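Here is a short report on selected local geometry.

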Amino acid sequence: MLAPELHALIDWSVAPLFLDTELQSITADSPNGRRYADKLVKLRRLDQSEAWVLVHVEVESGPQGDKARSYLAQRMFTYFYRIWDRYVRQETGGAESAKVNTLDGLSTSFYSLAILTASSKGPPVVLYRQRLGKCHVSFGFPVVHLRRWEDDRASLVDLAAFNPFAVVVMAQLGAQACCGAQARLVSKIALLRLLYQHRYDRRRMQQLFRIVDWVLSLPHYLAPAFEQAVAAIEVEFNMPYVTSIERMGEARGLKKGLAEGLQRGHKEGRIAGREEGREEGRRDSAAWLLSSMLERRFGQLPVWVTVRITQANTEALHGWALKVLEADRLEVVFE
């Protein structure tokens with residue numbers, strides 16, 4: 001959807017290999033890392049050679065100007081030559097000297113893609129150039145201006161029927177456009193209804209729901225309203241998929257277990273249920289507070305941060321919160 005020319009060259013029967021750890025080691029010294037969310041992926045091309053793909057997502061509060069694009073071009077070129085030098089460099093010596101740009105005996109290629117979340121227009125390709133006399137370097141890469149889709153939401157809705165990533169783009173646009181919790185709730189319910197309308201299977205539905213749930217996060221006081229909307233949509237379409245999501249299932253199971261324990265009159269059950277409920281409440285409050293602090297300090301949170309917060313216990317959440325004020329980058333909080 002965002003890079004159709006690349007999609008047409010890849011053998012998607014071979015699972016992509018995500019190399020986040022390797023990428024972090026290459027870009028660890030990048031300044032202002034809190035504004036970027038990068039992915040390095042190794043793919044198999046249709047001609048059976050390997051392709052290394054860098055997906056660079058830049059989270060901005062507004063559209064980019066010429067100076068910002070110049071900095072972006074310099075960063076992308078830096079990432080390119082570091083990755084190329086480490087993984088796709090020419091081997092030397094002996095019989096290996098004949099191999100150029102090889103890895104595991106296969107010819108390789110590299111593709112850089114930049115996604116600007118707050119930009120609606122600009123050049124589709126950005127160039128980095130350096131010249132001194134007869135020596136010159138030119139590096140170009142495609143750029144996706146994500147907010148251009150705001151003027152073409154009808155196409156996104158149609159694409160969502162067969163391209164799940166259209167749902168992800170709509171969730172991101174909704175998160176940027178919504179200026180209040182109620183607006184987020186409306187946008188989130190609309191996206192969920194769209195998933196049911198397009199008749200996604202259970203597995204894909206749950207995967208997309210988790211992403212939408214992270215991107216369009218809601219305050220706790222709106223959770224009951226959202227769950228009621230989910231239940232109504234499931235009844236309408238007769239597809240009880242989303243309510244089996246672990247988060248909802250665990251919350252309902254806790255309530256059911258506590259109610260049954262109270263009904264049976266077991267003192268131990270009441271105490272255990274209350275303590276578990278209190279601990280869950282403390283954890284949820286700590287998670288909400290940490291998310292709010294991080295968003296205030298670093299802007300919209302990437303998915304990996306939301307996942308860490310969702311899976312953490314209360315002690316870990318408190319420890320991260322203490323580091324927010326002193327951290328200069330989002331990654332430092334979770335180190």
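## Local geometry

Arginine 199 lies in the loop between α6 and α7 (202-215). This is a predicted model, where local features need pLDDT of at least 70, side-chain atom pairs count only at pLDDT 80 or more, and totals for chains, interfaces and linings use all residues. Residues are numbered from 1 along each chain as its sequence is written, and side-chain values use heavy atoms, with hydrogens and water left out. Helices (H or I, at least four residues) and strands (E, at least two) are DSSP runs, numbered from the N terminus.

Most residues other than glycine have a negative phi. Buried means under 20% relative accessible area, exposed over 50%, partly exposed in between (1.4 Å probe, protein chains only).

| Residue | Phi | Relative accessible area |
|---|---|---|
| Glutamine 48 | near 75° | 42%, partly exposed |
| Arginine 199 | about 55° | 52%, exposed |

Glutamine 48 sits in the loop between β2 (36-44) and β3 (50-58).

The axes of α6 (residues 181-197) and α8 (residues 223-237) come within 10 Å and cross at roughly 20°. Axes are lines fitted to C-alpha atoms, for helices over the stretch in contact, and angles run from 0 to 180 degrees between N-to-C directions. The two helices, α6 and α8, are therefore roughly parallel (angles under 35 degrees).

In α12 (residues 314-324), Thr314, Leu317, Trp320, Ala321 and Val324 are buried. They span an arc of only 125° around the axis, so they lie on the same side of α12. The arc is that of the directions from the helix axis to the C-beta atoms. Glu315 and Leu322 are exposed on the other side of α12.

Key: Angles under 35 degrees count as roughly parallel, over 145 as roughly antiparallel, 65 to 115 as roughly perpendicular and the rest as oblique.
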